[in-house]
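Hi,

Here's the structure I promised to pass on.

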Amino acid sequence: HHYTTIIAQVQDLTTQEGASLAIICILRDLRGITASSYNRRTYNLLFDALYPTIFHLLNRVATQLYDDPLVMTAVIKFMQEFVRVIPLAPTLCRLS
């Protein structure tokens with residue numbers, strides 16, 4: 001499975017030089033993919049593809065690279081895009 005291979009490679013990067021740039025680029029790409037999930041179906045597909053693997057990786061990145069402002073900015077921007085509730089708004093309104 002390609003996704004698992006990519007995650008394993010990124011996990012190894014946290015100990016190598018140049019890891020910051022690779023992580024920033026990956027998170028920028030994931031943010032773009034997340035931004036294109038404009039309805040509930042595509043958002044749910046994305047969520048299922050990323051959770052929980054990407055969150056364990058983001059936790060590791062934040063723990064090891066907390067002092068790199070560029071990496072942490074990329075992490076925060078990705079999370080901001082990922083947790084937006086626009087695709088879930090109709091569901092949330094029905095639950096209220």
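This is a predicted model: local features need pLDDT of at least 70, side-chain atom pairs count only at pLDDT 80 or more; totals for chains, interfaces and linings use all residues.

In which helix is V71 found? V71 sits in α5, residues 69–82; helices here are DSSP runs (H or I, at least four residues), numbered from the N terminus.

Residues are numbered from 1 along each chain as its sequence is written, and side-chain values use heavy atoms, with hydrogens and water left out.

Back to V71: its relative accessible area is 0%, so V71 is buried (under 20% is buried, over 50% exposed, in between partly exposed; 1.4 Å probe, protein chains only). Leaving aside neighbours within four places in sequence, V71 is in contact (heavy atoms within 4.5 Å) with S20, I23, I24, V61 and L65. I23 lies 48 residues from V71 in sequence, yet their C-alpha atoms are 7.0 Å apart.

As for α5 as a whole, its buried residues are V71, M72, A74, V75, F78, E81 and F82. They pack against α2 (19–35), α3 (40–50) and α4 (53–64).

Now the charges. The structure holds one salt bridge, meaning a side-chain nitrogen of Lys or Arg within 4 Å of a carboxyl oxygen of Asp or Glu. The partners are R28 and D29, at 3.7 Å, N to O. D29 counts as partly exposed because its relative accessibility is 46%.

Cheers

Conventions: Helices (H or I, at least four residues) and strands (E, at least two) are DSSP runs, numbered from the N terminus.
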